[in-house]
Amino acid sequence: MKLENEKRVLVGGICDDEQYVHDEVEKILADYEADNDVKIELKHYDMAETLLEERDDLDFLFLDIEMPGIDGIAAGMKLRNWNYDYKIIMLTMRTDKFAEA
């Protein structure tokens, strides 16, 4: 987290292969910004491979579980093994993967 003009700035990521998820999360975070006097900078990834290659420094990450190629669970484990300190929020509509996530 950093400061910009006395306002907290959070850098977050969204990793999902569906554009509508990016759009919905952006709307939710825009409301959060307005209600909490914080600025959120978002980085977008459409696949886990890109997320893992770029190795961005984030405060939080919304990570889809089911994506082509590397899935979100495997990507999340790699990030944890690399000692990334940010919070990961798993996104899924699959109840059978909830416990594993």
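Predicted model: local features only at pLDDT ≥ 70, side-chain atom pairs only at ≥ 80, totals over all residues.
User: What is the overall make-up of the protein, and in what pattern do its elements follow along the sequence?

Analyst: The secondary structure comes to three helices and five strands, and along the sequence these follow the pattern β-β-α-β-α-β-α-β. Buried residues make up 35% of the 101 residues.

User: Why is aspartate 16 called buried?

Analyst: The relative accessible area of aspartate 16 is 3%, and buried means under 20%, so aspartate 16 counts as buried. Aspartate 16 is found in the loop between strand 2 (7-15) and helix 1 (19-36), where it touches Val21, His22, Tyr45, Asp46, Asp64, Met67 and Leu91, not counting residues up to four places away in sequence.

User: What makes the approach of the aspartate 16 side chain to the backbone nitrogen of glutamate 18 a polar contact?

Analyst: The side chain of aspartate 16 reaches that backbone nitrogen of glutamate 18 at 2.8 Å, and a polar contact calls for a pair of N or O atoms within 3.5 Å, one able to donate a hydrogen and the other to accept it.

User: Why is the aromatic pair of tryptophan 82 and tyrosine 84 called tilted?

Analyst: The ring centres of tryptophan 82 and tyrosine 84 are 6.3 Å apart, and rings pair if their centres lie within 6.5 Å, so the two rings qualify as a pair. The angle between their planes is 55°; planes under 30 degrees apart count as stacked and over 60 as edge-to-face, so this pair falls into the remaining class, tilted. Ring pairs link Trp82, Tyr84 and Tyr86 into a cluster.

User: What makes tryptophan 82 partly exposed?

Analyst: Tryptophan 82 has 33% relative accessibility; buried means under 20% and exposed over 50%, so a value in between is called partly exposed, and tryptophan 82 belongs there.

Definitions and conventions. Residues numbered from 1 in each chain as written. Heavy atoms only, no water. Helix = DSSP H or I, 4+ residues; strand = E, 2+ residues; numbered from the N terminus. Buried < 20%, exposed > 50% of the residue type's maximum accessible area, 1.4 Å probe, protein only. Contact = heavy atoms within 4.5 Å. Phe/Tyr/Trp six-rings, centres within 6.5 Å; stacked < 30°, edge-to-face > 60°.
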